[in-house]
Amino acid sequence: MGVEIRESSVSSEELAEMKTFVSDYLRASVENEDGGGRMRWYPWHSAEYRFNHILNVTDLAVEIAQKEGADVDVVRVASLFHDVAKLEADQDVHAEEGARVARQFLETHGDYPASFVDRVCDAIAKHSYQGSLGDLTLEARCLVEADLLDKVGANGTVLMLLRMGYEARTHMDSAEMIERVYERGEEAVSRVESDTAESIAHERLKRVRWFREWLEGEVARMETDERF
C-alpha cells in the first residue's frame, strides 16, 4: 500500500523518445506561429538552436548531478524538458508551461512513479528562479546551474559574435561583446552553489580571457580592458 512499484531509472529508449518529442515540439512551436515565430531572426531563437541548448544543458546538469550526489534521472529528464515551451510561451511563464508539458508527457508515456514526475516538474518549473539557489532542491539547483553555464565560455563567445553579424556590427565591436560574455560568466559564478558548477564556470571564463588576449594581440586599435 502506497509503495511505488517501479524504480525511477529511465532507459536509453525512453530518453530517446523524450528527445524526439522535445525536438518535434520545438519545431511545431515555430511552424504554428505567424510570421515564422517570435524573434526568429536570431539563430538562437530557432528550434535547432533551442534543442542544441537543451542537449548542452542536459550534459552539464548530469555532470553536476553525478558529482554533487543529486538524483541523476530527475536532473536528466528535467533538463531535457526545461525549455520545451520556450518558443511558444512568454519568457516569464515558459518554465511553468514546460513543467506542464513534461507532466503530460510523463503521465501518458510510461509508468513513472508520481514522486518522480513531481520532482522532475518541480525542477523545470523553478529553473528560471532568480533568488538564492540554496532555496531550491538539489536537482533544481543542478539544472539552474547548468542553464547558467551554457552561455559562458567558448559557446557564449561564438553566440555573441553571431549576434554581431545579425546586428550588422563591425568586428571592432568584438571586445565589447566578449566583455559581455565575461560579465555573464562572473554573474554565473556569483550565483552557483556547487563546487562542481563553480569549477566549470572558472574554466570557461579562462577561455574567454584567452580569446580576448589573442584578439588584442592581432587586431589594431582594439581597446584594452585592464580587467582581462
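Which side chain does the side chain of S194 make a polar contact with? The legends below start there. This is a predicted model, in which local features need pLDDT of at least 70, side-chain atom pairs count only at pLDDT 80 or more, and totals for chains, interfaces and linings use all residues. Residues are numbered from 1 along each chain as its sequence is written, and side-chain values use heavy atoms, with hydrogens and water left out.

**View 1. S194 and its partner E145.** The answer is E145: its side chain and that of S194 make a polar contact at 2.9 Å. A polar contact here is a pair of N or O atoms within 3.5 Å; within protein, one must be able to donate a hydrogen and the other to accept it, and residues adjacent in sequence count only if both atoms are side-chain atoms. S194 sits in the loop between α8 (174-191) and α9 (195-218). Helices are DSSP runs of H or I with at least four residues, numbered from the N terminus. S194 counts as buried because its relative accessibility is 2%; buried means under 20% relative accessible area, exposed over 50%, and partly exposed in between, with a 1.4 Å probe and protein chains only. Leaving aside residues up to four places away in sequence, S194 touches I64, E68, R141 and E145. Touching, or contact, means heavy atoms within 4.5 Å.

**View 2. The largest nonpolar core.** This core has 63 residues, and M18, V77, F81, L106 and V120 touch the most other members. Helix α2 (residues 47-68) gives the most to it, with eight residues. A nonpolar core is a set of buried Ala, Val, Leu, Ile, Met, Phe, Trp, Tyr and Cys residues joined through side-chain atoms within 4.5 Å. Take L106: not counting residues up to four places away in sequence, L106 touches M18, V77, Y112, V117 and V120.

**View 3. Helix α1 and what covers it.** Helix α1 (residues 12-31) has 20 residues and runs 29 Å from its first C-alpha to its last, close to the 28 Å expected at 1.5 Å a residue. That expected span is 1.5 Å times one less than the number of residues. The buried residues of α1 are E14, L15, M18, V22, S23, Y25, L26, S29 and V30. Among what covers them are α2, α3 (72-81) and α4 (94-108).

**View 4. R119 and E139 meet in a salt bridge.** Their side chains come to 3.4 Å, N to O. The pair links distant parts of the chain: R119 is in helix α5 (residues 114-125) and E139 is in helix α6 (residues 138-149), 20 residues apart. A salt bridge is a side-chain nitrogen of Lys or Arg within 4 Å of a carboxyl oxygen of Asp or Glu. R119 is partly exposed at 37% relative accessibility, whereas E139 is buried at 12%. D71 joins R119 and E139 in a network of salt bridges. The structure holds 11 salt bridges.

View 5. D73 is buried, with a relative accessible area of 16%, and R76 is partly exposed at 22%. E203 is partly exposed at 33% relative accessibility, and K206 is partly exposed at 35%.

Key:
Helices (H or I, at least four residues) and strands (E, at least two) are DSSP runs, numbered from the N terminus.
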